[in-house]
Amino acid sequence: MRLVLVTFNTLINMRIQSQTTVDELYDRLWKTKSARFNAYHRLNKTQYLSSYATSFLSVYVIVLALFQPYNIITDEKTIGILNLIAICVSIILLVFVLMESSMQYNLKAEKFHDCAKKIGKLFKKIEFIKEDTSLNDSDKYKKFEKVQKKYNEIIDLYDNHRPIDFIFFQATNNLKKYEKDEIKFLFINFEFASYNRFMTKLKYNHLIFIHYYVVIFLLPLILIWTIYKMI
């Protein structure tokens, strides 16, 4: 009788353990798929802003070079300053183009997109296996093992995403500290979950692109103000 109970308890523990493993795999697929899609969208936006920034820098150089030939400004001292500014902007443009072209944002974005799609297919496969009533627990577990193996193979083929991609996923789905994050001070609970979500979304959507915004929006204002003061 005791042996039967031990065997029965062992089977229950194995089933619970296998179920936990499946849930962990399901959770991992969901998180990785979402983070890789976030990486794809981030890199797409980076490529878009990089192209705009490069184009704007080229326009600044051309506009600065037109002041002297068309006699818009005739003062030699002012022309000398403008030429110096044009040279500085040209150097910035050269360095910017060299750095941005080496990053290959488009290629990286496509790879992340391919990775996310492949993991997404495995994610759907897990759902179908879980809902398939024709399979017993043993058959399901074998299929889950195959999914786990395929997931590991896919992960090995691609680079990892940046932490901000996963943190943004956590913030948009209210996971971990974004679900409940508070501090107690003088018997008063101060919640920071909403603030953390806001800051994470702000960083993902804007702060990581701040250098592009400077080139596109702030630099022309500085140049216009500088030229206006010199005229």
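Q: How much of the contact total in the protein, at a separation of 6 or more, comes from residues 24 or more positions apart?
A: In this predicted model, residues 24 or more positions apart account for 76% of the contacts with a separation of 6 or more.

Q: Which elements does the protein contain, and in what order do they run from the N terminus?
A: The protein has 7 helices and 2 strands. From the N terminus on, the order is α-α-α-α-α-β-β-α-α.

Q: How is the packing of helix 2 and helix 7 to be read, and at what angle do they pack?
A: The angle is taken between N-to-C directions, and values over 145 degrees count as roughly antiparallel. Helix 2 (residues 76-103) and helix 7 (residues 210-230) pack at about 175°, with their axes 11 Å apart. Helix 2 is therefore roughly antiparallel to helix 7.

Q: Which residues meet where helix 2 packs with helix 7?
A: Helix 2 contributes Thr78, Ile81, Leu82, Ile85, Phe96 and Glu100, which meet Tyr212, Leu223, Thr226, Ile227 and Met230 of helix 7. By class, this contact has 8 nonpolar, 2 polar and 1 charged residues.

Q: What share of the residues counts as buried, and what area does the protein expose?
A: Of the 231 residues, 33% count as buried. The protein exposes about 15800 Å², of which carbon and sulfur atoms supply 62%.

Key:
Residues are numbered from 1 along each chain as its sequence is written. This is a predicted model: local features need pLDDT of at least 70, side-chain atom pairs count only at pLDDT 80 or more; totals for chains, interfaces and linings use all residues. Side-chain values use heavy atoms; hydrogens and water are left out. Helices (H or I, at least four residues) and strands (E, at least two) are DSSP runs, numbered from the N terminus. Buried means under 20% relative accessible area, exposed over 50%, partly exposed in between (1.4 Å probe, protein chains only). Contact means heavy atoms within 4.5 Å. Accessible areas come from the Shrake-Rupley method with a 1.4 Å probe; for residues, only the protein chains shown count as cover. Axes are lines fitted to C-alpha atoms, for helices over the stretch in contact, and angles run from 0 to 180 degrees between N-to-C directions. Angles under 35 degrees count as roughly parallel, over 145 as roughly antiparallel, 65 to 115 as roughly perpendicular and the rest as oblique. Ala, Val, Leu, Ile, Met, Phe, Trp, Tyr, Cys and Pro count as nonpolar, Asp, Glu, Lys and Arg as charged, and the others, Gly among them, as polar.
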